[in-house]
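Biologist: I would like to learn how to read a model like this one, feature by feature. Could we go through it together?

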Amino acid sequence: MSVRTGIGYDTHRLVPGRRLIVGGVDLEYELGLEGHSDADVLTHAVIDALLGACGLGDLGELFPDSEEQWRDADSIDLLRIVVGRMSGIVANVDVTLVCEEPKLGPHKAEIGARLTAALSAPVNVKASTNEGMGAIGRGEGIACMAVALVDTGA
């Protein structure tokens with residue numbers, strides 16, 4: 001077995017007038033994430049982790065925000081495209097969401113199940129705050145870090 005790891009990171013600003021989609025789950029909240037696609041911060045971090053593990057560049061290279069075809073794209077669909085281009089299988093993914101509000105703990109199981117189904121691999125979801133520090137701590141956005149392990153079979 002030959003395995004490779006990748007690390008992904010993403011952050012998006014919280015703004016009025018947008019849906020809040022995290023890990024493919026539409027959450028009830030008065031603010032949503034700003035971005036060209038659906039701005040799913042967690043799925044974007046996972047995509048970058050997988051791309052990194054496979055040496056396939058990054059999210060912005062594959063789905064540039066300068067291309068209209070990706071406007072309002074469902075990030076779970078983007079994730080499926082990436083999985084289809086990979087030369088290995090996902091062994092597991094671990095993610096940490098960072099935000100002050102909304103509280104994401106009650107949604108972790110649903111988010112994990114949605115991503116596990118999309119990847120056919122276990123996904124562990126953790127949530128934390130930034131303890132009131134910086135832009136994330138002031139509630140201006142949400143960040144996510146992801147680590148992916150891919151079995152390349154080589």
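Modeller: Gladly! Let us start with S120, which lies in the loop between α4 and β6 (123–128). Helices (H or I, at least four residues) and strands (E, at least two) are DSSP runs, numbered from the N terminus. This is a predicted model, where local features need pLDDT of at least 70, side-chain atom pairs count only at pLDDT 80 or more, and totals for chains, interfaces and linings use all residues. Residues are numbered from 1 along each chain as its sequence is written, and side-chain values use heavy atoms, with hydrogens and water left out.

Biologist: Is S120 buried or exposed?

Modeller: Buried means under 20% relative accessible area, exposed over 50%, and partly exposed in between (1.4 Å probe, protein chains only). S120 has a relative accessible area of 68%, so it is exposed.

Biologist: And what should I look for in the backbone?

Modeller: Most residues other than glycine have a negative phi, and most peptide bonds are trans. S120 is not a glycine, yet its phi is positive, at about 55 degrees. A39 also has a positive phi, near 60 degrees. A39 sits in the loop between β4 (32–33) and α1 (41–54), and counts as buried because its relative accessibility is 0%.

Biologist: Which peptide bond is cis?

Modeller: The one from E101 to P102, with omega near -5 degrees. P102 is found in the loop between β5 and α4 (108–119).

Biologist: How do I read the surroundings of a residue such as T96?

Modeller: Begin with its place: T96 lies in strand β5. With a relative accessible area of 19%, T96 is buried. Contact means heavy atoms within 4.5 Å. Leaving aside residues up to four places away in sequence, T96 touches K126, S128, A143, C144 and M145.

Biologist: With which side chain does that of T96 make a polar contact?

Modeller: A polar contact is a pair of N or O atoms within 3.5 Å; within protein, one must be able to donate a hydrogen and the other to accept it, and residues adjacent in sequence count only if both atoms are side-chain atoms. Here the partner is the side chain of K126, at 3.2 Å.

Biologist: What about the chain as a whole?

Modeller: There are 5 helices and 7 strands, in the order β-β-β-β-α-α-α-β-α-β-α-β along the sequence. Buried residues make up 46% of the 154 residues. Of the contacts with a separation of 6 or more, 73% come from residues 24 or more positions apart.
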